[in-house]
Amino acid sequence: MHTLTLRRSLLLAGLTLTLGGCVTSPPLPPAPTTDEIVQMSKDGIPPAEIIQRLEESRALYPLKASQLAKLREDGVSDEVIDYMQQTLIETERMREAMRERDRMWMYGYPYYPAYPWGYWRRPYR
């Protein structure tokens, strides 16, 4: 009986490892550089296609205001620049929400009892 349980456990572990490798996602296409975005705009590629390429690569561009102004001067459309900024803002909001969620999970909410492992570390008291 014991060997049967051991065999089942080993079979289950083997299947888990084997099938776990099948779940990988394909690699993302490389993110276009700002110079490539300028070149695409100069080549007459519509803003919707440029935005689609940015979406597919999940690219983020933490650019300064002067760099955004230079993109505009170089012929990049407002739609593309707005998309670049909006994705960065949304990503930062999501990261901040996750940090807040983790903080609340660890220390508890301000006016509720904390979790046992975080009570002595609460910054509110």
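Visitor: Which residues does Met-84 touch, not counting residues up to four places away in sequence?

Guide: This is a predicted model. Read such a list as places where the chain meets itself. Met-84 touches Ile-37, Leu-54, Tyr-61, Leu-63 and Leu-71.

Visitor: Which residues have the most contacts inside the largest nonpolar core?

Guide: Start from the core as a set, then look at its members. This core has 14 residues. Those with the most contacts inside it are Ile-37, Leu-54, Leu-71, Val-76, Val-80 and Met-84. Helices H2 (34–42), H3 (47–57), H4 (65–73) and H5 (78–107) each supply at least two residues of the core.

Visitor: How many helices and strands does the chain have?

Guide: Count the elements, then read their order. There are 5 helices and 0 strands. From the N terminus, the order is α-α-α-α-α.

Visitor: What share of the residues count as buried?

Guide: Buried here means under 20% relative accessible area. Of the 125 residues, 20% count as buried. The chain exposes about 9,900 Å², and carbon and sulfur atoms supply 61% of that area.

Visitor: What share of contacts joins residues at least 24 apart?

Guide: Take contacts between residues at least 6 apart in sequence. Of these, 49% join residues at least 24 apart.

Visitor: How do I read the sides of a helix? Which residues of H2 are buried?

Guide: Sort the residues by burial, then check where they point. In H2, Ile-37, Val-38, Met-40 and Ser-41 are buried. They lie on the same side of H2, because they cover an arc of only 160° around the axis. Asp-35 and Lys-42, on the other side of H2, are exposed.

Visitor: Why does Pro-46 count as partly exposed?

Guide: Compare its value with the cut-offs. Partly exposed falls between the buried limit of 20% and the exposed limit of 50%. Pro-46 has 38% relative accessibility, so it counts as partly exposed. Now look along the chain. Pro-46 and Val-80 are 34 residues apart, and their C-alpha atoms are separated by 9.7 Å.

Note on methods:
Residues are numbered from 1 along each chain as its sequence is written. This is a predicted model: local features need pLDDT of at least 70, side-chain atom pairs count only at pLDDT 80 or more; totals for chains, interfaces and linings use all residues. Side-chain values use heavy atoms; hydrogens and water are left out. Helices (H or I, at least four residues) and strands (E, at least two) are DSSP runs, numbered from the N terminus. Buried means under 20% relative accessible area, exposed over 50%, partly exposed in between (1.4 Å probe, protein chains only). Contact means heavy atoms within 4.5 Å. Accessible areas come from the Shrake-Rupley method with a 1.4 Å probe; for residues, only the protein chains shown count as cover. A nonpolar core is a set of buried Ala, Val, Leu, Ile, Met, Phe, Trp, Tyr and Cys residues joined through side-chain atoms within 4.5 Å. The arc is that of the directions from the helix axis to the C-beta atoms.
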